[in-house]
Amino acid sequence: MSLNSKDLLGIRELTVEEINLILDTATPMKDILKRKIKKVPTLRGRTIVTFFYEPSTRTRSSFDLAAKYLSADTIAISPSTSSVVKGESLKDTALTIEAMGANIIIIRHSAAGSPHLLAKTVRASVINAGDGTHEHPTQALLDMYTIREKKGTLKGLKVAILGDILHSRVARSNIWGLTKMGAEVRVTGPATLMPAEIEKLGVKVYMSVEEALEGVDVINVLRIQLERQQQGLFPSIREYARLFGLNKQRLALARPDALVLHPGPMNRGVEIAPEIADGTQSVIVEQVTNGVAIRMALLYLLSGEEDSNEITG
Amino acid sequence: MMKEKAQILDAQGIQRALTRIAHEIIERNKGTENLVLIGIRRRGVPLANRLAEKIRQIEGTSVEVGILDITLYRDDLTTLAYHPVVHRTEINFPVKDKIIVLVDDVIYTGRTIRAALDALIDLGRPEVIQLAALIDRGHRELPIRADYIGKNVPTSRKEEVSVRLNETDGEEKVIILESIE
């Protein structure tokens, strides 16, 4: 069994079988995280580079730990401390990294499609750790893993995604993944943060948060990207919290055993009430652990013999 | 293509071999105190369960059985284009200070056992690790030998030893396969 491509660029390109393979492989990886000695020799001698053009704590350290638990060597490159500040292009930087022997390059970039460009340039495997507002595939995989772990399946579940759908790569990857796996996906949030024609992706759009949450099995709360709110897409933080934030009353509309997910970092008291973030239905902390397991699974599955992978394009 | 060359053991032969190994395990370890059995996926697992059942019948004590998946410890992953599916290791007891009998169907190059030893030692520090194999077909590439062997079968490297068990294959026999060009 293996993945069809040398890269993981998005959920959109993955088949149901590939998603299942990744999720199934994450389970034995999670067992390693529970052990006293969290290390297996699987990727000994492999080099993995994290190349993040945007700030990140959890995704980057999650990949870093995943690589280390599998005994790979890792280096982190930041644009501010690399030749990017001297005007070097993404392509040239990547070729340099590859020439130093990197087997897997993990990239986060503010421009959608950057990982795709990179994947065509280098022989190394490329993993998309978030490209602009396009995709964040590993987050969607860890969300699906967390839901499947708690609910046993994804098929037939009702999942509501709540918040800033417009700017959210997490939302887009989740929509592609969850609908592919047979879940019913609802999206809701301020009308100004709802992309036009989003229903074409196979989701139901709700202008009322209350209606959207009615009877759902899972609520995935998105972060309000305060850094992207200069354009005034909603009047104020307080008003957002009052109209769209997940509070006790709104949570009560969902099924009593509904799960609450959040990709983090959270704005407590804005998109999610603190008592829900810390409540019994929240799986937010487990999402972080599962993120390491999912990334270990991906690094394992993408680390096959390079010669067997054809470069396309 | 592989074709059957000879049958080495039938269902009864497998039974007898396992009964003898069970007796040897009890004898060598003077009982079952601190004893656990760990089967290597895939066919080592039903064999470990059967040995545990035989030990229970002989001694009247039950020994715990664990399952070891060695995929992440293989030394040939870097040369494989397609990686094998990783399964769970299910050892729900501490291995520290235990007498572990590692169980597999066939011992051949010794590389599987080496990987299993690495995997086990990462879980803790057992007092002793012993090895039981239903078939020893020779051709070792590492200095490893089994403590309990069901049957020694000299083979050529071109041949294959196939252990078929009810639990995994729906039949019960050990055969030698040879390739036909």
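Colleague: A:G264, buried or exposed?

Modeller: Buried: its relative accessibility is 16%. Keep in mind that this is a predicted model.

Colleague: Why does 16% count as buried?

Modeller: Because buried means under 20% relative accessible area, and A:G264 has 16%.

Colleague: Where is the place of A:G264 in chain A?

Modeller: A:G264 sits in the loop that runs between strand 9 (259–261) and helix 10 (274–277) of chain A.

Colleague: What does A:G264 touch, not counting residues up to four places away in sequence?

Modeller: A:R58 and A:R223.

Colleague: Which residues does UniProt list with A:G264 under "binding site"?

Modeller: The unreviewed UniProt entry gives A:R58, A:T59, A:R108, A:H136, A:Q139 and A:P265 along with A:G264. From this set, A:R58, A:T59, A:Q139 and A:G264 belong to the lining of the largest cavity.

Colleague: How much space lies in the largest cavity?

Modeller: About 120 Å³. The structure holds 2 cavities of 30 Å³ or more.

Colleague: Which residues line the largest cavity nearest its centre?

Modeller: The lining has 13 residues, and those nearest the centre are A:R58, A:Q139, A:L142, A:Q287 and A:V288.

Colleague: Which helix of chain A gives the largest share of that lining?

Modeller: Helix 11, with 5 residues. Helix 2 (58–69), helix 5 and helix 11 (284–301) of chain A each supply at least two. By class, the largest cavity is lined by 4 nonpolar, 7 polar and 2 charged residues.

Colleague: Back to the annotated residues. Where does A:H136 lie?

Modeller: A:H136 is in the loop between strand 4 and helix 5 (137–151) of chain A. A:H136 counts as buried, at 4% relative accessibility.

Colleague: With which side chain does the side chain of A:H136 make a polar contact?

Modeller: With that of A:R108, at 3.2 Å. Not counting residues up to four places away in sequence, A:H136 touches several others, among them A:T59, A:R169 and A:R295.

Colleague: Now A:R169. Which helix is A:R169 found in?

Modeller: Helix 6 of chain A, residues 169–180. A:R169 is buried, with a relative accessible area of 12%.

Colleague: And what does the side chain of A:R169 make a polar contact with?

Modeller: The side chain of A:E54, at 3.0 Å. Leaving aside neighbours within four places in sequence, the contacts of A:R169 include A:E54, A:R108 and A:H136.

Colleague: Which residues does UniProt list with A:R169 for "binding site"?

Modeller: A:K86 and A:R223, in the unreviewed entry. These residues are spread over 138 residues of sequence, and also in space, with up to 33.3 Å between C-alpha atoms.

Colleague: What is the relative accessibility of A:R223?

Modeller: A:R223 is at 22%, which counts as partly exposed. Its place is in the loop between strand 8 (218–221) and helix 8 (237–244) of chain A.

Colleague: Which residues is A:R223 in contact with, leaving aside neighbours within four places in sequence?

Modeller: A:D164, A:H262, A:G264, A:P265, A:N267 and A:E271. Two of those, A:G264 and A:P265, are in the UniProt list with A:H136.

Colleague: Which helix gives the largest share of the lining of the second largest pocket?

Modeller: Helix 1 of chain A, with 3 residues. Helix 1 (16–33) of chain A and helix 3 of chain B each supply at least two. The lining divides into 14 nonpolar, 4 polar and 10 charged residues.

Colleague: Last one. How many residues of helix 4 of chain A are buried?

Modeller: 6 of its 8, the helix being residues 114–121. The buried ones are A:S114, A:P115, A:H116, A:L118, A:A119 and A:T121. They pack against helix 3 (90–99), strand 3 (104–109) and strand 4 (125–131) of chain A.

Methods. Residues are numbered from 1 along each chain as its sequence is written. Chains are lettered from A and ligands numbered from 1 in the order in which they are written. This is a predicted model: local features need pLDDT of at least 70, side-chain atom pairs count only at pLDDT 80 or more; totals for chains, interfaces and linings use all residues. Side-chain values use heavy atoms; hydrogens and water are left out. UniProt positions are given in the numbering used here, feature names are shortened, and annotations may be inferred rather than shown by experiment. Helices (H or I, at least four residues) and strands (E, at least two) are DSSP runs, numbered from the N terminus. Buried means under 20% relative accessible area, exposed over 50%, partly exposed in between (1.4 Å probe, protein chains only). Contact means heavy atoms within 4.5 Å. A polar contact is a pair of N or O atoms within 3.5 Å; within protein, one must be able to donate a hydrogen and the other to accept it, and residues adjacent in sequence count only if both atoms are side-chain atoms. Ala, Val, Leu, Ile, Met, Phe, Trp, Tyr, Cys and Pro count as nonpolar, Asp, Glu, Lys and Arg as charged, and the others, Gly among them, as polar. On a 1 Å grid over the protein atoms alone, a cavity is a set of points where a 1.4 Å probe fits but cannot get out, and a pocket is an open set with protein on both sides within 12 Å along at least five of seven lines; lining residues have an atom within 4 Å of a point. Grid points are joined across faces, edges and corners, and a volume is the space filled by probe spheres set on the points.
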